[in-house]
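Try each task before reading its solution.

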Amino acid sequence: SDSLPKRVPNSFQKLRPWINHGWEMVLLAAELLRPESPLTQEGTQSYETNFSQQSVAALKAWNWQSNQLQTALDKVRKRALTIDKETWIQRHQPFPGVAERLRSIEEEGVELVVLTTKGAEFTSELLHSINLKSSKVFGHESGSKPEILLQLSKQRPLSGFIEDRRATLETVIKTPGLKALPCYLASWGYLKPNDKQALPEGIYLLNSDTLATPLASWH
């Protein structure tokens, strides 16, 4: 549409670290176009203070459901893959050095498993495009990350969990059965301003230099 901005608005970029699920991106984009929204009227501060409550209020204002938005997003991604996969893939680039390091991690006898709040089909296409093999990909269809990790822990020993959302890691270390799982906060991800400060026991900050070292030396 001609009414859509040609570039990603600064407000969206600033709030990106607060987004956990794909549907929240759709809702945030809609709020940036709604003149009456708190985001339009007051800026990002109100959302940064309480992103969850603002999202609930925005869903109500639009008369939408979160699963409705997630389904729509997944359909758009699938259509993009069908129409012009190469162009779509090229718009998604991994953080420098991360894919290369993950490709080499199996040489240490560690199996790579991917957990994501994105759709598994969408994620598998991205992994394939950067030649990153994973024995298993668990998308949002499989449940929450703590639930999946708990299931996996009953099947095999887990060496660690890398994530760029601190709140998710905090939930993991509080989950019975996962308290001993080493959790790593990826410093190259979408972090909030204070996410690196005063990390609780069991969560370790993982920067690109440490990532390049053997897994056994990460903490």
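**Exercise 1.** Decide whether Pro-193 is buried or exposed in this predicted model.

Solution. 
- Step 1: Locate the residue. Pro-193 sits in the loop between strand E4 (183-186) and strand E5 (203-206).
- Step 2: Take its relative accessibility, which is 69%.
- Step 3: Apply the cut-off: exposed means over 50%. Pro-193 is therefore exposed.

**Exercise 2.** Find how the axes of helix H2 (residues 22-33) and helix H6 (residues 66-90) are oriented to each other.

Solution. 
- Step 1: Two packed helices are described by the angle and the distance between their axes.
- Step 2: Here the axes come within 8 Å and cross at roughly 95°. So H2 is roughly perpendicular to H6.
- Step 3: Look at the contact. From H2 come Gly-22, Trp-23, Met-25, Val-26 and Leu-27; they meet Ser-66, Leu-69, Gln-70, Leu-73 and Arg-77 in H6.
- Step 4: Sort these residues by class. The contact has 6 nonpolar, 3 polar and 1 charged residues.

**Exercise 3.** Which parts of the chain does the salt bridge between Glu-48 and Lys-14 link?

Solution. 
- Step 1: Check the pair. The N to O distance is 3.7 Å, and the cut-off is within 4 Å.
- Step 2: Glu-48 is in helix H4 and Lys-14 in helix H1, 34 residues apart.

Technical notes
Residues numbered from 1 in each chain as written. Predicted model: local features only at pLDDT ≥ 70, side-chain atom pairs only at ≥ 80, totals over all residues. Heavy atoms only, no water. Axes fitted to C-alpha atoms, helices over the stretch in contact; angles between N-to-C directions. Helix = DSSP H or I, 4+ residues; strand = E, 2+ residues; numbered from the N terminus. Parallel < 35°, antiparallel > 145°, perpendicular 65-115°, else oblique. Contact = heavy atoms within 4.5 Å. Nonpolar A, V, L, I, M, F, W, Y, C, P; charged D, E, K, R; others polar. Buried < 20%, exposed > 50% of the residue type's maximum accessible area, 1.4 Å probe, protein only. Salt bridge = Lys/Arg side-chain N within 4 Å of Asp/Glu carboxyl O.
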